[in-house]
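Hi,

Here is the structure I promised to send over.

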Amino acid sequence: MITLDIIQKALHLPEFDPQQAQETMAPHPRGMFPENRDKPPKEAGVLGLVYPDVVGYSIILTRRTAHLGNHSGQVSFPGGKKDPQDADFIATALRETCEELGVCDDEITILGKLNHFYIPPSHFTVYPTIGSMAYKPTCFPNPDEVAEVIYFPLAELLNPHIKGVDEAEMRGAKIRLPYYLFGEHKIWGATAAMLGEFEQRLRMAMK
């Protein structure tokens, strides 16, 4: 069973390659990277909020509404673009989670971070924070942004049977799209890559 101690250990491994871990579930090839762009990437902060349940710990994901411009309809972490008034990406993640889910930072404990991840199609670099609550939060999803709240057991990350790979074509090139399948939800793209890092961290922490 995944406990809070295991999660904390996973986020603070002394020797770990987060980029390599992300690549296990990231789209491939990834496309043009920031150093080859005319403008610097936009920046976003997201929150992986974990809480205890009967299967250990779960993490909250959201399905974005269909009308949102970037990554509409996809499964993601709550979060969004960094505002100038945000002190850091943790502040961005907490503010956005409060706005999207009505779950605010009064009872959220920051445990650590995952590695940032660059998304070529939207030209965003995403900075993920992992936080915890002592109980399952009551979510009040903003209907303009969140179509569905998904409660994903972290133990499922260790289940090889929920992994798959799709192929797509973009600008004449074939792209490999790894995903986690949870119920009717395919979790792919940046979210899968960040969960892939979390998965590898948990595997090492549980050895």
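**What I found**

The protein chain has 4 helices and 11 strands (DSSP runs, H or I of at least four residues for helices and E of at least two for strands, numbered from the N terminus). Bear in mind that this is a predicted model, where local features need pLDDT of at least 70 and side-chain atom pairs count only at pLDDT 80 or more, while totals for chains, interfaces and linings use all residues. Residues are numbered from 1 along each chain as its sequence is written, and side-chain values use heavy atoms, leaving out hydrogens and water.

**Overall shape**

The C-alpha atoms fill a box of roughly 45 × 40 × 35 Å along the principal axes. A compact globule of 207 residues would have a radius of gyration near 17 Å, and the chain agrees, at 16 Å (taken over C-alpha atoms; the rule is 2.2 Å times the number of residues to the power 0.38). Of the 207 residues, 48% are buried, meaning under 20% relative accessible area with a 1.4 Å probe, protein chains only. Among contacts (heavy atoms within 4.5 Å) between residues at least 6 apart in sequence, 68% join residues at least 24 apart.

Cheers

Note on methods. Buried < 20%, exposed > 50% of the residue type's maximum accessible area, 1.4 Å probe, protein only.
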